[in-house]
Amino acid sequence: EINPLVAQFTKEWKRKRHQKHRLKGGIEARVILNIAFYYGEHQSIHAQDAVLSRAFKKDADKNKLRLVFEMIQREVDRKIGRLWSIAHEYHAAPNVTDPSAFDKAEVIQQLIKATDFKLEQHMKRWQIYWWMLVGGVCAEHVDWKMGVTHDVLPVRDDEGNLLWEDQITREQVPESMVEEAKAAGLNPDRFRPMQDVQPVGDIGGDIIDPLRLFIDASVPRISALGPDQSVEIAEIVTKGYIEQTFGADAANQIRWKNSDLTIVETKIEDTGTPLSGVNLKDLLPNIQGSRGPDDPQMCIMLTRYQPPHQGFGYGRRSFYIPDGALLDDGEIPYGEIPLIDMHWRPPTTTFWTKDFVTRLIAPQKFLNKRMSQLGEASNSQVYALRLLGPGMTKKRVPTDMPGDVEGGLDAQGNPKVMFLRPPDLPSFFPDTIRMVTEFIEQLGGADLLSQRKFPGELRGSLAIPMLQEIIDSEDGPVY
């Protein structure tokens, strides 16, 4: 029988998950499509409840030339570089003109650097930028994690005495016997202090992508949650993780026969030959899939946070398996929800703000189409259609290698084999390729030098940096 609290939490989670799933558009489909386009699968489309990688309905479409030019990936990486250069590190600044305040600011500054090092914040920042550009929203979850680091501790006996190891006999000896042996003239290097490696808990940070984050769409920020609302994080965990974190009794409450590990409702269908050597299911193993007979026992676990309300002065934190077991339920031990949401656009009317990649998809498709058409036009020039006269068959005409055509002339000396002239390439064709390339760079906010533009009326060595600062001002509100 399912715990009534788990049944209530599961119902709320499924409702929030359904808000992100739509038959036309939707948060899930938009983010998954953006990821596919970033990695070069530019024929991916969203059809009802699924994202299809290469949906070619007609056989004639399968034989068309389909070239992929990964401009989106280049623009995303460039934008990450620009954001990284604008605000890479944060500093503490005193708000009063007091010498002691400046001394404290220096201490806080060192603490910020130490915390960033412990949390691997440089890598986390890279993930934050990537998810904001591709998904529009992400969150950083900073909490206490067990077994993050390992400490080497000396081994003691029941009375608290240090234990040493005899390198020759491999026996454990107390420190008093080691001192006696040294006094008797034995080599001190014969003994080595015994050490034990123990896992130690510490603060740790995780970047939560929009596909694993669930919140009511009408709530613009996590800090704006009402007392009866919640935010949830979904992740796929193993039985060993459950046993180590919550104990063996909690792991025994879970029904491990369920093999479905799908966090999102949108299906991911990969069909046909990959355009860029990528399978969509390999890109998102943390949100969808199923457990095979050789896989370890796994399940979906949800971490639920609720703001302070009656009975929970610091807020409520719950760990549970949907339609399964309640692993832990109690007050938040940190005094606040340890989850900070970050948005690419200002969260005004909804939590799920737009991203950077979506507006680049249409010009990227246009560029791929034009370049593919250009390739097909080149092929038509090299491999033009042949017109064969009476008595001629294609077997008698060489194709790739030069050769003789026996009987290729009639009695009057007119050729019986002729090439059909392909249509001429439209004059505007190269201009459209140039136009869409510049348009993509303009949408991506590329720098002046890459666009081959010059500062105009500004003079001096600082002209280009000054105009570049004007262009970069569009990224300022991100911070």
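Contact here means heavy atoms within 4.5 Å of one another. The structure is a predicted model, in which local features need pLDDT of at least 70 and side-chain atom pairs count only at pLDDT 80 or more, whereas totals for chains, interfaces and linings use all residues. Residues are numbered from 1 along each chain as its sequence is written, and side-chain values use heavy atoms, with hydrogens and water left out.

View 1. Leaving aside neighbours within four places in sequence, Glu 41 is in contact with Ala 36, Arg 54, Pro 274, Leu 275, Ser 276, Gly 277, Val 278 and Leu 280. Glu 41 has a relative accessible area of 0% and is therefore buried, a class that covers values under 20%, with exposed residues over 50% and partly exposed ones in between (1.4 Å probe, protein chains only).

**View 2. Gln 43 and Pro 274.** Gln 43 is also found in the loop between α2 and β1, where its relative accessibility of 24% makes it partly exposed. From C-alpha to C-alpha, Gln 43 and Pro 274 are 9.5 Å apart in space, although 231 residues separate them in sequence.

**View 3. Crossing of helices α2 (residues 27–38) and α6 (residues 121–135).** Two packed helices are described by the angle between their axes and the distance between the axes. The axes of α2 and α6 come within 9 Å and cross at roughly 110°, the axes being lines fitted to C-alpha atoms, for helices over the stretch in contact, with angles running from 0 to 180 degrees between N-to-C directions. The two helices, α2 and α6, are therefore roughly perpendicular to each other, a term for angles of 65 to 115 degrees. At this crossing, Arg 30, Val 31, Asn 34, Ile 35 and Tyr 38 in α2 meet Trp 130, Trp 131, Val 134 and Gly 135 in α6.

View 4. Leu 385 lies in the loop between α11 (358–382) and β15 (386–388), and it counts as exposed because its relative accessibility is 59%.

How values were computed:
Helix = DSSP H or I, 4+ residues; strand = E, 2+ residues; numbered from the N terminus. Parallel < 35°, antiparallel > 145°, perpendicular 65-115°, else oblique.
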